[in-house]
Amino acid sequence: CAYELSDAWITKSLLQSSKASSPINITESGIATDLRLLQSSKALFPMLVTESGIIISSDGYIVTNEHVVDEAKLIEVVLNNGERYTAKLMGYDKQTDLAVIKIDAENLVKAELGNSDELKPGEVVYAIGNPGGMEFASSITNGIISGVDRLITNSSTGYVMNCIQTSAAINPGNSGGALVDGYGRVVGISV
């Protein structure tokens, strides 16, 4: 499911045992980003986890999934060029599973946003993320739009999301990453 909506790695430190690890990747081209998160099977020993996000402004605002940054003690963004930033959680919405973080950076290449209302079944799309950890950073899978306006109920909150159905592979680690149309415009965010 891709929920309707540049390069960086995001790291989060969790002191929570119930979180599953997954990768995130944000690209410097502004299309997507992978995030690394610290997670733990024991509260005293955090482990690294990776997820994705999308740079939405040149001054450091990044959108990702709420579950990616949930209960984070530390969120770190690593740009494609290796620059590292500590991010601040600016806001989140558990119902829609969306969050916005901010890094103290300027002149970033932001993603170009498309219009998901214009998508038609059969159009080619690309899912960008980091399945399997940093070894597969900025992986891209392609597919087509299988359907639009698919109503999916969030099992945790009961919120009904309007989703884009795609045949592009969306794997653990793609959470928060971009679903991009054939023109390189972000038309969705992987959930």
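**View 1. Lys102 sits over the face of Tyr61 in this predicted model.** The distance to the ring centre is 5.2 Å. A charge counts as over a ring if NZ of Lys or CZ of Arg is within 6 Å of the ring centre and within 35 degrees of the ring normal. Residue numbers start from 1 along each chain as its sequence is written. Since the model is predicted, local features need pLDDT of at least 70 and side-chain atom pairs count only at pLDDT 80 or more, while totals for chains, interfaces and linings use all residues; side-chain values use heavy atoms, leaving out hydrogens and water.

**View 2. Asp97 has a positive phi, near 60°.** Most residues other than glycine have a negative phi. You'll find Asp97 in the loop between strand S9 (84-93) and strand S10 (98-102); strands are DSSP runs of E, at least two residues, numbered from the N terminus. Asp97 is buried, at 7% relative accessible area (buried is under 20%, exposed over 50%, partly exposed in between, with a 1.4 Å probe and protein chains only).

**View 3. Asp149 has a positive phi too, near 55°.** This Asp149 belongs to strand S12 (residues 139-153). Asp149 is partly exposed, with a relative accessible area of 47%.

**View 4. Asp181 is tucked into strand S14 (residues 178-181) and is buried, at 4% relative accessible area.** Leaving aside neighbours within four places in sequence, Asp181 is in contact (heavy atoms within 4.5 Å) with Val124, Val125, Tyr126 and Val187. The side chain of Asp181 also reaches the backbone nitrogen of Tyr183 at 2.9 Å.

Conventions: Helix = DSSP H or I, 4+ residues; strand = E, 2+ residues; numbered from the N terminus. Polar contact = N/O pair within 3.5 Å; in protein donor to acceptor, adjacent residues only side chain to side chain.
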